[in-house]
Amino acid sequence: MYSASDLRKGLKVLIDGAPYVIIEFDFSKPGKGQALYRCKLRNMITGNQLVQTYRSNDKFGKPALEERKMQFLYNQDDEYHFMDTENFDQIFITKEQLGDNVYFLQDNMELHVLLFDDKPIDVTLPIFVNLLVTVAEPWAKGDTSGTDTKPITVETGYVLNVPPFVVEGDKIQIDTRTGAYVTRVKE
Amino acid sequence: MLDLEGLHLRAAFFRAIRRFFEEQDFLEVDTPIRQPLLIPEQNIVPIRSGTHYLQSSPELYMKRLLAGGCERIFQICHCFRQGESGRLHLEEFVMLEWYRLDADYSDLMRDCEELFSFLMREVAGSVLPVRLDSGWERLTVADAFTRYCSVSAAEALETDMFDQLLVEQVEPYLGQSIPTFLYDYPLELASLARPKSGQLDVAERFELYVSGIELANGFSELTDPDLQRKRFEKEYAKMEDERGREKKMPEFFLEDLGRIEQAAGIAMGLDRLFMQLSGRKKLEDAVSFAPEDLDS
């Protein structure tokens, strides 16, 4: 159990049976008054946010969270299958749960899966992935129309804005945290 | 952690505070930092030091000096409160306390006004986010709740929401263009303060706010030892688990209290004051060493 004095930014606590992470924290205490622990929390499953003020006597459970290293195997429709690289257990995560992460998955990619009560709730991908550009307008040299970027599509179907010199067949690096273009890569 | 310029400014500011009080014939005193027994306060967790505690405030011994005949005293000292750390809190912090015999809380409010004007004038490089020239706001707790809060102060107290509503709904509005004295606290929130004559449900206690930040807590001292003993008993009764603290009465203090006719005292957080007067935003940026600067 955690008590209120353990609360801090980044701590994960169990509230009403769900895991929450504290994303903002402030201790306050009016003169001669009670200690107040003011928290903004994010539900780690639904993403919903909650603002709550706790007092000294409040207690919190520790969510049963476990991070495991896994490898992406394949997807069958909306089920994405992963294998634990240590014990070879296999699990699947739905497309909906993965959100935009589905666009950055590559066969055999190693990543971290966060489990709550043995159920996967989140994945942490490598920060950078290299993906093939499959659809792009050709680069019109000397184009001075003033647009700095253009939309292109990569092999996974993901659409993003890149500099005009990127063309079909290029490999580009994408930051999986932001989904943004980083650089063109030569392989 | 302060840089060289910050250290000089902080030192200039401490010198000016001392000069302010010395010019008014205040005696600078020092009292024990380690104390065998602390004044029972429900919401303060003391830090142990062997068989003693580190002081959470010097008030007990400063009041005994008043009883011993001192008329005007001040002290700048380190105080300690366990578990209080945040943007505006440090477990170890510097307090300025001053006491006046034959005075009440309105005298202390005037002291605050004069002290601020003095510091702004005397310390080169001092800044304040509020104006000092046009009179300070005086707002009773009851009026402040009526004005800014969804429920009355009495209702907030009954539902044990007073502190939270004060912090979340009232404090942000206090001291915004000029400093605010929030005054006349409900009696149960002022264990050591005197009831207001003619209005016995409130105590002559005030807090000073600048930019929504509480800087000082002052009051007309309760000098009736019997009533003070009852208040301490009540305070002890509210301290449930009491983390191994002995529930003893500070008998010397109560005895001395009977020798004081009338007095008033105030505690001001100097780190916070310096933070504001030097235009800093976080307390840890206003002290010589913040907790994370210490070897451990």
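Mentor: Two strands pair if DSSP finds at least two bridges between them; strands (E, at least two residues) and helices (H or I, at least four) are DSSP runs, numbered from the N terminus. This is a predicted model, in which local features need pLDDT of at least 70, side-chain atom pairs count only at pLDDT 80 or more, and totals for chains, interfaces and linings use all residues. Residues are numbered from 1 along each chain as its sequence is written, while chains are lettered from A and ligands numbered from 1 in the order in which they are written.

Trainee: Which residue of S16(A) stands opposite A:Lys171?

Mentor: Strand S15 (residues 171-175) of chain A is joined by five bridges to strand S16 (residues 180-185) of chain A, and the two run antiparallel. They form a hairpin with four residues between the strands, where A:Gly179 takes a positive phi near 75°. S15(A) is also joined by five antiparallel bridges to strand S12 (residues 128-135) of chain A, in which A:Leu132 stands opposite A:Lys171. In S16(A), the residue opposite A:Lys171 is A:Val185.

Trainee: Which residues form the covered face of S15(A)?

Mentor: Burial is counted with C-beta atoms placed from the backbone: a residue is buried if 20 or more other C-beta atoms lie within 10 Å of its own, exposed if 12 or fewer, and partly exposed in between. The uncovered face of S15(A) holds A:Lys171, A:Gln173 and A:Asp175. The covered face is made of A:Ile172 and A:Ile174.

Trainee: What is the radius of gyration of chain A?

Mentor: Chain A has one helix and 16 strands. The chain is more spread out than a compact globule, because the globule rule gives 16 Å for 187 residues and its radius of gyration is well over that, at 22 Å. The radius is taken over C-alpha atoms, and the rule is 2.2 Å times the number of residues to the power 0.38. The C-alpha atoms fill a box of roughly 70 × 45 × 25 Å along the principal axes, and the radius of gyration asked for is 22 Å.

Trainee: What distance separates the centres of domain 1 and domain 3 of chain A?

Mentor: The domain assignment, whose bounds come from an automatic or database source, gives domain 1 (2-60), domain 2 (65-124) and domain 3 (128-185) in chain A. Buried residues make up 14% of the 187 residues of this chain. Taken over C-alpha atoms, the separation of the centres of domain 1 and domain 3 is 41 Å.

Trainee: How many residues are in the largest nonpolar core?

Mentor: A nonpolar core is a set of buried Ala, Val, Leu, Ile, Met, Phe, Trp, Tyr and Cys residues joined through C-beta atoms within 7 Å. In the largest one, B:Trp98, B:Leu182, B:Leu215 and B:Met268 touch the most other members. Apart from it lies another core, of eight residues, among them A:Phe104, A:Leu131, A:Val166 and A:Ile174. The number of residues in the largest core is 76.

Trainee: Which residue of S10(B) is the bridge partner of B:Leu182?

Mentor: Strand S10 (residues 199-210) of chain B is mostly covered, with nine of its 12 residues buried. S10(B) and S11(B) form a hairpin with two residues between them, and B:Ser211 in the turn has a positive phi of about 55°. Within S10(B), the partner of B:Leu182 is B:Glu207.

Trainee: Which residue in the turn between S9(B) and S10(B) has a positive phi?

Mentor: Strand S9 (residues 195-196) of chain B pairs with S10(B) in the antiparallel sense over two bridges, and B:Lys196 has B:Gln199 as its bridge partner. The hairpin has two residues between its strands, and the residue with a positive phi, of about 85°, is B:Gly198.

Trainee: Which element gives the most to the side of chain B that touches chain A?

Mentor: Contact means that two C-beta atoms, placed from the backbone, lie within 7 Å, and 17 residues of chain B are in contact with 13 residues of chain A. Helix H6 (162-170) and strand S11 (213-220) of chain B each supply at least two residues of that side of chain B. With four residues, the element that gives the most is H6(B).
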